[in-house]
Amino acid sequence: SRDYSAPVNFISAGLKKSAAEDMSEEDSDEDEKPVKQEEIPKEFVPKKLKTGGNFKPSQKGFVGGTKSFVDFGSWERHTKGIGQKLLQKMGYVPGRGLGKNAQGIINPIEAKQRKGKGAVGAYGSERTSQSLQDFPVVDSEEEAEEEFQKELSQWRKDPNGGKKKPKYSYKTVEELKAKGRINKQLSTPQKELSQVKVIDMTGREQKVYYSYSQISHKHNIPDDSPQQPLGKDSKPQGFALPELEHNLQLLIDITEQEIIQNDRQLQYERDMVVNLTHEIQKMSEVLSHEETAISNLSKVLEMVEECERRMQPSCENPLTLDECAKIFETLQDKYYEEYRMSDRVDLAVAIVYPLMKDYFKNWDPLKDCTYGTEIIAKWKSLLENDQLLSHSGQDLSTDAFHRLMWEIWMPYVRNIVAQWQPRNCGSMVDFLDSWVNVVPVWILDNILDQLIFPKLQKEVESWNPLTDTVPIHSWIHPWLPLMQARLEPLYSPIRNKLANALQKWHPSDSSAKLILQPWKDVFTPGSWEAFMVKNIVPKLGMCLNELIINPHQQHMDAFYWVIDWEGMISVSSLVGLLEKHFFPKWLQVLCSWLSNSPNYEEITKWYLGWKSMFSDQVLAHPSIKDKFNEALDIMNRAVSSSVGGYMQPGARENIAYLTHTERRKDFQYEAMQERREAENMAQRGIGMAASSVPMNFKDLIQTKAEEHNIVFMPVIGKRHEGKQLYTFGRIVIYIDRGVVFVQGEKTWVPTSLQSLIDMAK
């Protein structure tokens, strides 16, 4: 039989064992040598639980007891494991806790006997002393619970029958202040939990509380022991006075709240003092700034009042425009902020405008165009608003200078332009040139668009190029720097009137060139070329048709009339005239002359004479070059086939030399032109830096040929696959993509430049 009255023994968590296993384990335990209490380290001996029970931690199977420390890992002897050995190698000592400092527990779950039948936590914390030692975690709730248990134990009756002396806890004012600051940070959900309705059913009677804090005020009144009547020698038992306790606690709470509230009020007042101190500093700075502003405004007001006083007619020392400008300069330099914030428009209207009217009352802009420019430039810097410098528009209500120029200066300009004659443009142009940097841009545009251009347009409509002795460009072109594209509408009527005047014109009249030449750079290139082709080129063609080519008695006037227009008409137009109206007759005369046994020296002079009549630019044109080369070919054929040619000594050699010389000149001129173009490109950063370096492979061959005295020239009319053929000494070559090809027996062979020079020598 078993004794069920003995205390309950708690065991470690694990699997339930059978009775046989329990018996075998008990036998093995009896065989083992018991461990004495003195051999166990003091820090591992469990403390006595404050439960009031008869439970002893040294009993068999108690969690955290000595048995557990000794039996740790004993099951390993029935297996082949090496865990115990590994632990010992890592520093584990049997009988001590795990970890570096032996602070760990072997069994993580411990049990504690509860002394009554209450719910969990009703009798205080159920954590063992060893668990607290193993896990020293500070918890505010546990501390509050321990404090509550201490206070609660003061009202309990001593189980030994003696009176227990109550223990009192005291709080300082600083602790109350700290507690008040913490409670002030209480969040709203916590405040709501403090007002939750709680129903307590742990006792005989159901009780209702309105916060969790009221549960802590519940006292443990012994309900199991029956109440006995008081005898003669008996002592009265302790009883609870909840009302008295409540009142005392209420007084304590009220006092604490007053202390906390006073502390908060004191902190608030201190913060208010700091804020007010900062406000006083800011207000002092503002006050100082306002006093300075008032002082400056007072001085500005005195200066303005002084100006108004001196502007009165009765004043002995009237204010002049220069003195007024100095006063405004003082305002701008010393009192800049006040000057910028003030209404300068009203101030200028009241003071400056009357003085400005008096200053310009006797002014004639065409006679003295620079009068007042310096003083107006000074007032521009004083009155013009920097924020309104956009030239797209004007705002007279906010800019004093623009209003001054529009209302005071502009009326004089309108009067003088109304009396001005457009053909006398010099004085008006000089006047506007001297004021262009002073007058606002929109006012200058208004003068040019609304006053000057209508006068010029009206004058152009009345102009007649046949009767007017003054050329139109003399009074139109001076306006180009100021008006530029504004004069474009005048060019079309001018061209129409010039075209009408040229209908009966003859190239012998050089006055037409004098009238048209100034307009060449004014008209656009397209309109100028169209005007020339329509009105001048046909007249020149008729003049060349009338030219008679006579080697024995040549009249050159008609030819000179045409060549004189070379700079006026384009080279292509002039070349077209020569190809159509001059060279056919010229070549025909040459052929006729060669067929009549001529003197080849005279033909050579005649050829060179006509060629010298053309400029290099015209001679460089491929069409003109082909015509003169054609003449040379005709002369060479005539010398080769004519019997008289052999009869005249040296004629063939002279013509051959002339041909070679002329073609070499043409080639050198062409190379020189290419070199000039390359130098121009190099100066613009497009070509090579040094002009002495050849710009292409052809120039390099030309340079090498000159160094070795080898003739290098193109073969006229001969090409191979579209490439020009050249003679390099006795060798025929052509150039393709920087490679020299030499003519072989059946094909063209590429060769190097040095090999080419060696073959040519």
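**View 1. Residues 22–69, a stretch with pLDDT under 50.** Here pLDDT, the predictor's confidence in each residue on a scale from 0 to 100, stays under 50, yet the model still has 66 contacts (heavy atoms within 4.5 Å) beyond four places in sequence for residues 22–69. Residues 130–138 also fall below 50, with 14 contacts beyond near neighbours in sequence. For the protein chain, the mean pLDDT is 75, and 71% of residues reach 70 or more.

This is a predicted model, numbered from 1 along each chain as its sequence is written, with local features needing pLDDT of at least 70 and side-chain atom pairs counting only at pLDDT 80 or more, while totals for chains, interfaces and linings use all residues. Side-chain values use heavy atoms, leaving out hydrogens and water.

**View 2. The largest nonpolar core, with 123 residues.** A nonpolar core here is a set of buried (under 20% relative accessible area, 1.4 Å probe, protein chains only) Ala, Val, Leu, Ile, Met, Phe, Trp, Tyr and Cys residues joined through side-chain atoms within 4.5 Å. Trp379, Trp409, Ile452, Trp479 and Trp586 have the most contacts inside this core. It lies between domain 1 (245–319) and domain 2 (505–684), because both give residues to it; the bounds come from an automatic or database domain assignment.

**View 3. Around Trp479.** Setting aside neighbours within four places in sequence, Trp479 touches Trp420, Cys425, Met428, Val429, Leu432, Leu448, Ile452, Leu456, Gln484 and Leu487.

**View 4. The E3–E4 hairpin.** Strands E3 (residues 712–720) and E4 (residues 723–728) run antiparallel, joined by 5 bridges. Strands are DSSP E runs of at least two residues, numbered from the N terminus. Met713 sits opposite Thr727 in E4. Between the strands are 2 residues, and Glu721 in the turn has a positive phi of about 55°.

Definitions and conventions
Buried < 20%, exposed > 50% of the residue type's maximum accessible area, 1.4 Å probe, protein only. Pairing = 2+ DSSP bridges. Helix = DSSP H or I, 4+ residues; strand = E, 2+ residues; numbered from the N terminus.
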